2 protein chains.
Amino acid sequence: MPRPGPDAELRPADLHASLSDPLLEVMNFLNEVTLRYPEAISFGPGRPYDGFFEVDRIGGYLDTYTRHLEQDLGRSPEEVRTALFQYGRTNGQIHDLVARTIAHDDGIHTDPSAVVVTVGCQEAMLLVLRALIAGPDDVLLVTDPGYVGITGAARLLDAATVPVPEDATGLDLDALRATVRELRARGKRPRAVYVIPDFANPSGASMPTEKRHALLDLAAEEDLLLLEDNPYGFFSRTGEQRPTLKSLDTRHRVIYFGSFAKTCFPGARVGYVIADQPVIGENGERTLLADELSKIKSMVTVNTPAIAQAAIGGMLLAHGCRLRDANKDLIEFYRGNMEALLAALARHLPQDRWGVRWNVPDGGFFLVLTLPFAADNAFLEESARDHGVIWTPMSYFYLGDGGERQLRLSASYLTPERIEEGVRRLAAHIIQRITRGQ
Amino acid sequence: MPRPGPDAELRPADLHASLSDPLLEVMNFLNEVTLRYPEAISFGPGRPYDGFFEVDRIGGYLDTYTRHLEQDLGRSPEEVRTALFQYGRTNGQIHDLVARTIAHDDGIHTDPSAVVVTVGCQEAMLLVLRALIAGPDDVLLVTDPGYVGITGAARLLDAATVPVPEDATGLDLDALRATVRELRARGKRPRAVYVIPDFANPSGASMPTEKRHALLDLAAEEDLLLLEDNPYGFFSRTGEQRPTLKSLDTRHRVIYFGSFAKTCFPGARVGYVIADQPVIGENGERTLLADELSKIKSMVTVNTPAIAQAAIGGMLLAHGCRLRDANKDLIEFYRGNMEALLAALARHLPQDRWGVRWNVPDGGFFLVLTLPFAADNAFLEESARDHGVIWTPMSYFYLGDGGERQLRLSASYLTPERIEEGVRRLAAHIIQRITRGQ
């Protein structure tokens with residue numbers, strides 16, 4: 001018997017504005033082109049290389065973590081069962097192992113109580129933005145070009161984002177200071193600046209050490225927080241390791257985002273945030289920002305899956321909480337890939353001729369190639385269809401105009417042979433377009 | 001050398017208002033009392049019983065899932081590695097197994113493309129609210145008393161929530177219709193109603209089947225969506241199984257939230273939402289609400305951890321995608337616990353004397369006890385400290401006033417012996433208070 005009343009039908013205009021924002025479709029578009037041209041060589045996604053990973057090891061990591069609970073922490077079998085089976089501590093159960101690891105690897109010394117273990121770094125960004133963006137005058141500053149994950153999270157919360165330009169050494173500090181003052185003059189409250197100091201996504205830029213000190217000073221002078229995201233810090237091409245902002249932070253100015261997606265494996269979706277900022281209540285009672293984030297996390301994911309934490313915890317323990325050593329082969333692999341990409345570009349394209357040029361990142365996954373014409377969706381479609389090569393338009397990563405003639409190349413998960421062939425195809429397409437126009 | 005500029009210090013007033021909302025502190029308060037009185041018998045949390053769970057089985061479930069990928073789906077070793085190791089499909093990789101399971105267990109027949117696999121049901125609620133609450137006039141209706149997770153998620157998004165009272169058979173439909181019309185008259189847009197039709201948290205109320213049909217009709221007539229949450233549906237005390245709203249839904253009125261926390265294990269944090277509502281674009285192009293949720297999820301957790309999905313997927317496969325059968329012992333356990341709770345109450349307290357009374361839920365984890373005096377934090381503290389028993393004030397679950405003389409008892413993870421002893425202690429405390437006052 002049919003029931004009265006109409007079928008539910010929704011219109012995009014009835015749904016939250018973020019869903020009609022092209023920003024949220026960037027990653028989906030890339031996936032979609034990749035699906036349509038599965039044979040194309042893709043410089044699109046910043047996927048980690050998985051060739052060193054063996055599925056069989058997951059069980060071993062779980063065992064290592066279980067033994068740690070039993071032998072190192074003296075937990076009873078019932079307590080071990082609860083740790084793996086039940087709901088757990090909102091801010092995570094491997095926070096102490098995370099604190100130990102970043103002390104070894106990144107020079108960051110923090111109390112485990114300031115660590116929030118999250119479902120990937122993405123959740124960490126959402127939690128921090130939710131805590132800091134309290135009203136319509138609050139503004140998040142982001143590098144322009146910038147990472148889609150942070151601007152996307154801001155869109156979900158209707159949080160205003162204001163771009164700050166980058167130069168070859170990352171964030172432009174003069175522009176940052178001017179932007180902050182101009183926002184304040186307009187009654188806005190700049191809360192924090194999102195930055196990837198090492199091998200940024202998408203630009204590949206890195207901040208020199210002195211600029212890091214200057215940024216920390218600027219943050220203190222202008223009363224800003226710095227949101228430091230460091231997914232690629234291990235993967236130096238040159239061997240040089242610069243100090244993280246957080247390791248230089250003596251004034252609680254830095255909220256530090258970390259991820260095990262690139263240094264362990266993405267399938268666990270375990271990330272974290274260090275939020276050691278004091279929060280001082282009306283009666284002088286002190287908590288940490290991490291404690292406040294816990295309240296938000298309890299309404300987002302309740303807690304990070306125990307089984308995922310156990311796998312990552314076991315992996316950390318198996319390597320003595322020293323991931324930099326554990327990643328030696330992977331660091332070498334990514335170094336080799338970036339070198340291969342640079343060499344292939346030099347072989348197949350003329351640097352600085354016809355307006356073609358590219359930057360030479362000190363490490364990481366990404367490089368930016370500048371063309372004398374628009375690197376837009378139409379050119380991407382042609383690249384994939386006619387030349388079998390995929391990349392990302394840089395314009396996707398700008399909040400307003402910018403990057404129209406640039407594209408991002410990621411070489412993280414390809415082999416050197418595929419990189420060479422992919423660049424050969426891309427160069428042929430570019431040169432064909434240039435010479436056809438002459 | 002000390003650097004210039006002050007330390008970062010935050011004030012609660014600078015942070016998002018949700019952090020100062022007592023609602024978000026409810027769960028933390030319970031934890032805190034429990035930590036201070038670890039010897040007390042706690043009827044507080046709705047924790048699943050974990051006595052049937054064996055840690056060793058996790059490896060077996062992962063193997064089962066891996067074999068399924070290899071043998072049933074014909075995946076190569078490299079593809080299996082990618083499935084467990086890499087970032088994955090935003091809406092999940094066990095969506096087909098979930099669809100098969102709810103067809104068997106809950107009479108819900110849905111295309112797997114309408115399933116979004118989430119980090120617990122909590123993430124699912126956040127995604128749906130973010131999609132539906134598009135502006136300041138949009139309102140979520142919630143049962144009063146109601147589940148803290150949905151109102152908490154609404155707070156994070158600054159979404160207005162309006163209470164609709166419950167009676168002994170769940171949501172009061174006349175009040176719902178009146179509230180919807182009154183909101184519309186005030187220029188508001190009621191978007192959806194959150195409801196737990198089976199063994200509600202916190203009230204224990206269940207909707208009769210005829211009322212379910214009437215609610216579906218009302219939703220069509222008033223153009224509402226129903227957010228059906230069904231964490232406890234298996235756990236009938238009487239053996240009677242009522243149809244889910246979703247299984248009766250012929251008009252895409254129901255968005256269905258499911259969870260494996262109670263039927264598999266909470267440590268995986270795997271839940272899901274069925275969102276089969278058509279979304280019709282300006283040019284007539286059709287997507288599903290699930291596709292829209294995917295865009296939001298990519299900015300919340302990117303995807304649900306592959307390793308957690310693999311564990312649950314393996315568990316579903318191991319039981320032929322029939323969890324109701326797999327949960328036979330657990331269903332019996334919870335049934336026994338609710339009977340033990342009812343029997344203990346009848347033994348130690350006079351139903352309907354002095355204004356003491358309790359409801360008799362048809363199943364689930366929760367029961368409400370009404371007292372002739374305030375069941376407030378002070379009485380809770382006394383209960384824990386002087387009588388060694390913990391429970392939850394019902395006032396926590398009301399959006400405004402309500403429940404001041406009521407408390408929620410959960411008997412889900414205790415043994416019948418502990419339930420008997422806990423009720424004896426609680427009854428002694430209650431009777432002491434009543435007779436002292438006489």
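Colleague: How do you know that strands E12(A) and E13(A) pair, and in which direction do they run?

Modeller: This is a predicted model. Pairing requires at least two bridges between strands. Two bridges join E12(A) to E13(A), residues 366-370, and the strands run antiparallel. As for a bridge partner, Trp358(A) has Leu369(A) in E13(A).

Colleague: What makes E12(A) and E15(A) edge strands?

Modeller: The order in this open sheet of four strands is E12-E13-E16-E15 in chain A, with antiparallel pairing. Strands E12 (357-358) and E15 (392-393) each have a single partner strand, so one side of each lacks a neighbour in the sheet.

Colleague: Which helix lies across E12, E13 and E16 of chain A?

Modeller: Helix H13 of chain A, residues 328-348, does so, running at about 15 degrees to E13(A). Angles under 35 degrees count as roughly parallel, so H13(A) and E13(A) are described in that way.

Colleague: Why are helices H5(A) and H6(A) called oblique to each other?

Modeller: H5(A), residues 120-132, and H6(A), residues 148-156, pack at an angle of about 45 degrees, with their axes 9 Å apart. Roughly parallel would require an angle under 35 degrees, and roughly perpendicular begins at 65. The pair is therefore oblique. The crossing of H5(A) and H6(A) is right-handed. Among the residues that make the contact are Met125(A) and Leu129(A) of H5(A), and Gly149(A) and Ile150(A) of H6(A).

Colleague: How many residues of each class has the contact of H5(A) with H6(A)?

Modeller: The contact has seven nonpolar residues, two polar and no charged ones. Gly149(A) belongs to the contact and counts as polar, because Gly is placed in that class.

Technical notes:
Residues numbered from 1 in each chain as written. Chains lettered and ligands numbered in written order. Predicted model: local features only at pLDDT ≥ 70, side-chain atom pairs only at ≥ 80, totals over all residues. Heavy atoms only, no water. Contact = heavy atoms within 4.5 Å. Axes fitted to C-alpha atoms, helices over the stretch in contact; angles between N-to-C directions. Parallel < 35°, antiparallel > 145°, perpendicular 65-115°, else oblique. Left-handed = near helix turned anticlockwise from the far one by under 90°.
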